[in-house]
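Dear colleague,

Please find below the structure that I am handing over to you. My notes on what was found in it follow directly after.

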Amino acid sequence: MSAIVLIGLPGAGKTTVGRQLARRLQLPFVDSDQVIEDRLGCTIRAFFEREGEPAFRDLEEAVIDELTRGPACVLSTGGGAVLRPANRRHLRERGRVFYLRAAPEDLFRRLRHDRTRPLLQVADPLRRLRELYAARDPLYRETAHHVVETGRPSVTLLVHRMLAQL
Ligand code: S3P
């Protein structure tokens, strides 16, 4: 089995769902943002501020290429991973991709006290989430093999539904 990949906007639940899915499948859980932070020795937010977004996207592309060639795992990706065509191709061709979809309003409710996401450190984060959703929803759909509606169901129920699709 290759990678089981989770994509979606920040706050969609990629890490929480991914950890539980990995436990159920007895696979390692890998978070591409965590791998990047471990290698950088600093937070993504700090790196973004110092080096800018394109430098982060270059690193992210290299890490995703590497992780999707590696041993089977459940791979959670950063919300912007689908921005690069090479990532969309690698994720879709090398993995089974689940898009965790959530409405911008739900994401805003989950993230309103979060200070770790560089793209949301703006005056109007809900507006930013709506813009990100409009720009990225088509890219998530293009990359995914399955769309999972997050929203009301518990994490356990979402994982149960995902397992049924494997
Ligand atoms: C980003 C999302 C973040 C992280 C970086 C950029 C984005 O990951 O990769 O801050 O462009 O949406 P999460 O989706 O885990 O927050």
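In these notes, a residue is called buried under 20% relative accessible area, exposed over 50%, and partly exposed in between, with a 1.4 Å probe and protein chains only. This is a predicted model, in which local features need pLDDT of at least 70 and side-chain atom pairs count only at pLDDT 80 or more, while totals for chains, interfaces and linings use all residues. Residues are numbered from 1 along each chain as its sequence is written, and side-chain values use heavy atoms, with hydrogens and water left out.

I begin with the sheet. Five strands form an open sheet in the order E2-E3-E1-E4-E5, with parallel pairing. Its edge strands are E2 (29-31) and E5 (146-149), each of which pairs on one side only. Helices (H or I, at least four residues) and strands (E, at least two) are DSSP runs numbered from the N terminus, and two strands pair if DSSP finds at least two bridges between them. Strand E1 (residues 3-7) and strand E4 (residues 95-101) are joined in the parallel sense over five bridges, and Ile7 stands opposite Tyr99 in E4.

Next comes the core. A nonpolar core is a set of buried Ala, Val, Leu, Ile, Met, Phe, Trp, Tyr and Cys residues joined through side-chain atoms within 4.5 Å. The largest one has 47 residues, and those with the most contacts inside it include Ile7, Leu21 and Leu91. Leaving aside neighbours within four places in sequence, Leu91 is in contact (heavy atoms within 4.5 Å) with residues including Val5, Ile7 and Leu75. Leu163, in helix H8 (residues 155-165), has its C-alpha atom 7.7 Å from that of Leu21, 142 residues away along the chain.

Finally, the structure holds 17 salt bridges, each being a side-chain nitrogen of Lys or Arg within 4 Å of a carboxyl oxygen of Asp or Glu. Arg84 forms one with Asp58, the closest N and O atoms being 2.9 Å apart. Arg84 lies in the loop between E3 and H5, and Asp58 in helix H4 (residues 53-69). Arg84 counts as partly exposed because its relative accessibility is 21%; Asp58, at 46%, is also partly exposed. Glu149 and Arg101 meet in another salt bridge (2.8 Å, N to O). Glu149 is in strand E5 and Arg101 in strand E4, so this pair ties together parts 48 residues apart in sequence. Arg101 is buried, at 18% relative accessible area, whereas Glu149 is partly exposed at 39%.

With kind regards
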